[in-house]
Amino acid sequence: MIYKIPVSNEPIQEQLFTVFGMNLRLTLYYNQLSKGWQFDLFDANNNRMITQMQGLAVNAPSLIEKIYLLFFYSVINHVLVLMQSLRMN
């Protein structure tokens, strides 16, 4: 399943959305040191960070058409790992 999340060229962006019944906060930001985009993903239901400072490959010629798929795969993968860990606890 792929979700489209609208983004802009603002250096810091934050969005709230729900996936699999989880309320998530996505923070997308431009890192001046690495000259690249990174994201944080926060689980608002459990008041806990899922992942921080995950890098995104943007404008790479071989990835330009697939970047959104890679990004959403990464987000969904982190959500699934969190869901599994919550079930274990």
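How many of the ten residues of E2 are buried? Seven are, so E2 is largely enclosed by the rest of the structure. Buried means under 20% relative accessible area, exposed means over 50%, and partly exposed lies in between (1.4 Å probe, protein chains only).

This is a predicted model, in which local features need pLDDT of at least 70 and side-chain atom pairs count only at pLDDT 80 or more, while totals for chains, interfaces and linings use all residues. Residues are numbered from 1 along each chain as its sequence is written, and side-chain values use heavy atoms, with hydrogens and water left out.

View 1. From the N terminus on, the elements run β-β-β-β-α. Helices (H or I, at least four residues) and strands (E, at least two) are DSSP runs, numbered from the N terminus. The protein has 89 residues, and 36% of them count as buried. Take the contacts between residues at least 6 apart in sequence: 35% of these join residues at least 24 apart. Contact means heavy atoms within 4.5 Å.

**View 2. Four strands form an open sheet in the order E1-E2-E3-E4.** The pairing is antiparallel. The edge strands are E1 and E4 (48–56), and each pairs on one side only. From one strand to the next, the twist averages 20°. Axes for such angles are lines fitted to C-alpha atoms, for helices over the stretch in contact, and angles run from 0 to 180 degrees between N-to-C directions. Two strands pair if DSSP finds at least two bridges between them.

**View 3. Strands E1 and E2 run antiparallel.** E1 covers residues 12–19, and eight bridges join it to E2. Ile 12 stands opposite Tyr 29 in E2. Gln 15 stands opposite Leu 26 in E2. The hairpin of E1 and E2 has two residues between the strands. In this hairpin, Phe 20 takes a positive phi near 55°.

**View 4. Phe 17 lies in strand E1.** Its relative accessible area is 18%, so Phe 17 counts as buried. Leaving out residues up to four places away in sequence, Phe 17 touches Ile 5, Met 22, Asn 23, Leu 24, Leu 26 and Leu 41. Phe 17 and Ala 44 are 27 residues apart in sequence. In space, the C-alpha atoms of Phe 17 and Ala 44 are 9.9 Å apart.

**View 5. Strands E2 and E3 run antiparallel.** E3 spans residues 36–43, and eight bridges join E2 to E3. Leu 24 has Asp 43 in E3 as its bridge partner. The hairpin of E2 and E3 has four residues between the strands. Here Lys 35 takes a positive phi near 55°.

**View 6. Asn 31 belongs to strand E2 (residues 22–31).** Asn 31 has a relative accessible area of 19%, so it is buried. A polar atom of the Asn 31 side chain lies 2.8 Å from the backbone nitrogen of Leu 33. A polar contact is a pair of N or O atoms within 3.5 Å; within protein, one must be able to donate a hydrogen and the other to accept it, and residues adjacent in sequence count only if both atoms are side-chain atoms. Neighbours within four places in sequence aside, Asn 31 is in contact with Gly 36 and Gln 38.

**View 7. The count of aromatic pairs comes to one.** Tyr 30 and Trp 37 form this edge-to-face pair, at 5.4 Å centre to centre and 70° between the planes. Rings of Phe, Tyr and Trp (its six-membered ring) pair if their centres lie within 6.5 Å; planes under 30 degrees apart count as stacked, over 60 as edge-to-face and the rest as tilted. Tyr 30 is partly exposed, with a relative accessible area of 28%. Trp 37 counts as buried, at 17% relative accessibility.

**View 8. The charged end of Arg 25 sits over the ring of Phe 42.** That charged end is 4.4 Å from the ring centre. A charge sits over a ring if NZ of Lys or CZ of Arg is within 6 Å of the ring centre and within 35 degrees of the ring normal.

**View 9. Strands E3 and E4 run antiparallel.** Six bridges join E3 to E4. Asp 43 stands opposite Arg 48 in E4. The hairpin of E3 and E4 has four residues between the strands, and Asn 47 takes a positive phi near 50° there.
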